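Hi,

Here is the structure I promised to pass on. Have a look at it first, and my notes follow below.

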Amino acid sequence: GENVEQHPSTLSVQEGDSAVIKCTYSDSASNYFPWYKQELGKRPQLIIDIRSNVGEKKDQRIAVTLNKTAKHFSLHITETQPEDSAVYFCAASPNQGGKLIFGQGTELSVKP
Amino acid sequence: GAVVSQHPSRVICKSGTSVKIECRSLDFQATTMFWYRQFPKQSLMLMATSNEGSKATYEQGVEKDKFLINHASLTLSTLTVTSAHPEDSSFYICSALDSQSYEQYFGPGTRLTVT
């Protein structure tokens, strides 16, 4: 089955700096890759997603890149703000609407 | 946006008892719902896929007789933790798949504590 590895497990940046979180997946059949932000005790919130027919997608300060050959995808947050502090999870699925296999999570801390 | 609710939000039960958790899609139909478990400072682990009108599909290592799933309508799936033990204490989160858009929406989670 699918296995998703996520790095780093913790990331601390200064406000205004960029943050990059990386994930690799094992199943070449996966073609849908969402990213979620989860605050303590709350539900995961979808922040951006990408499908395998696209190499990059951007939404304001957030971007995701996908290298299907290497089976890895990354989340880029620019101009970080303290409210970006949370745990971020990547996930992979064989299709949108299919079961999600999550990475281990990255605890991002943005220091003012 | 689409709303998914869970009930209860928190529950404390004694070891050996059973607990039922409900997951509802409030403004859309969901033929498929997913159940996840999340231990503190860990990731979401998929437990099972719940399909309306048919048996749930369990992930490897998840005991189907212990975690009973029922998806009797297009808006409701239930997870029953039977004969709960302290090691079952966890955050249980459901997600519902909008049958029209294929977007997946998460519930707010249920904190289960077994004493």
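How many residues does the contact take from chain B, and how many from chain A? The contact (heavy atoms within 4.5 Å) takes 21 residues from chain B and 17 from chain A.

Before the rest, some housekeeping. This is a predicted model, so local features need pLDDT of at least 70 and side-chain atom pairs count only at pLDDT 80 or more, while totals for chains, interfaces and linings use all residues. Residues are numbered from 1 along each chain as its sequence is written, chains are lettered from A and ligands numbered from 1 in the order in which they are written, and side-chain values use heavy atoms, with hydrogens and water left out.

Back to the interface. About 1500 Å² is buried between chain B and chain A, with carbon and sulfur atoms giving 52% of that; buried area here is the accessible area (1.4 Å probe) that two parts lose on being put together, summed over both. On the chain B side, B:Ser43, B:Leu44 and B:Phe106 supply 31% of the area that chain B buries against chain A, more than any other three residues.

By class, the side of chain B that touches chain A has eleven nonpolar, seven polar and three charged residues (Ala, Val, Leu, Ile, Met, Phe, Trp, Tyr, Cys and Pro count as nonpolar, Asp, Glu, Lys and Arg as charged, and the others, Gly among them, as polar).

Now to chain A itself. Strands are DSSP runs of E, at least two residues, numbered from the N terminus, and two of them pair if DSSP finds at least two bridges between them. E3(A) (residues 19–25) runs antiparallel to E1(A) (residues 4–7), joined by four bridges, with A:His7 opposite A:Lys22. Six bridges also join E3(A) to E8(A) (residues 72–77), again antiparallel, and there A:Ile21 has A:Leu75 as its bridge partner.

Why does A:Phe89 count as buried? Because its relative accessibility is 1%, and buried means under 20% relative accessible area (1.4 Å probe, protein chains only). A:Phe89 is 14 residues from A:Gly103 in sequence, yet their C-alpha atoms are 5.8 Å apart.

Cheers

Technical notes:
Buried means under 20% relative accessible area, exposed over 50%, partly exposed in between (1.4 Å probe, protein chains only).
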